[in-house]
Amino acid sequence: MKLYSSLFFTFFVSACTSQEAVTDVAGQKTTFIQGECYDPSTYSLTETFDHFIDERQQELKILRPELTAENYEQLDYALRHFTTYWTQLRQERDQACEEHASCEFIKLKTHDVQVYNRGYCDGTDFEYNVSRAKMINFFNDIERLQLQRSAQQ
């Protein structure tokens, strides 16, 4: 009986230790992803975009008396659509960043030389770079938009 209780205790301690190790690695992975993808100290293109949209909305409010109701609604709709599309692009970038960071974390934790030599994270790196390029291109495109008064005839 003493032998069985000793074996059970050993099994229980081993299981708990193993579970703690898994939890610790998962925590490390989460921390790594947060640091790679959501570090608030880095430059935020989203803050710049939000500021830009706020400025355009203020311009639109100033021009409202000079616009027809239909034109005002169209311009307001366009600004809201830009914000919605930006949110979609940001979500795609966040997902691509998390996948890439997960891959990089696995690469760091794996001591297999073949992982380093095969371009293990090339696919997620490419997707992440594409998602960032889409955000920058979209912002560059709409940044050139300006609300202008047309000459009255």
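Predicted model: local features only at pLDDT ≥ 70, side-chain atom pairs only at ≥ 80, totals over all residues.
Residues are numbered from 1 along each chain as its sequence is written. Local features need pLDDT of at least 70 and side-chain atom pairs pLDDT 80 or more, while totals for chains, interfaces and linings use all residues, and side-chain values use heavy atoms, without hydrogens and water.

Helices are DSSP runs (H or I, at least four residues), numbered from the N terminus. Axes are lines fitted to C-alpha atoms over the stretch in contact, and angles run from 0 to 180 degrees between N-to-C directions.

| Helix pair | Axis separation | Angle |
|---|---|---|
| α3 (residues 69–109) and α5 (residues 122–143) | within 8 Å | roughly 160° |
| α2 (residues 45–63) and α3 | 11 Å | about 175° |

Helices α3 and α5 are therefore roughly antiparallel to each other, a term for angles over 145 degrees. Their contact (heavy atoms within 4.5 Å) includes Phe82, Trp86 and Arg90 of α3 and Tyr128, Met135 and Phe138 of α5. By class, this contact has 12 nonpolar, 3 polar and 8 charged residues; Ala, Val, Leu, Ile, Met, Phe, Trp, Tyr, Cys and Pro count as nonpolar, Asp, Glu, Lys and Arg as charged, and the others, Gly among them, as polar.

The angle between α2 and α3 likewise makes α2 roughly antiparallel to α3. Among the residues in contact are Phe49, Ile53 and Leu60 of α2, with Phe82, Trp86 and Arg90 of α3. The contact of α2 with α3 divides into 9 nonpolar, 3 polar and 3 charged residues.

Asp94 also lies in α3. With 14% relative accessibility, Asp94 counts as buried (under 20% relative accessible area, 1.4 Å probe, protein chains only). The C-alpha atoms of Asp94 and Tyr128 are 8.5 Å apart, although 34 residues separate the two along the chain.

Terms used: Helix = DSSP H or I, 4+ residues; strand = E, 2+ residues; numbered from the N terminus. Parallel < 35°, antiparallel > 145°, perpendicular 65-115°, else oblique. Buried < 20%, exposed > 50% of the residue type's maximum accessible area, 1.4 Å probe, protein only.
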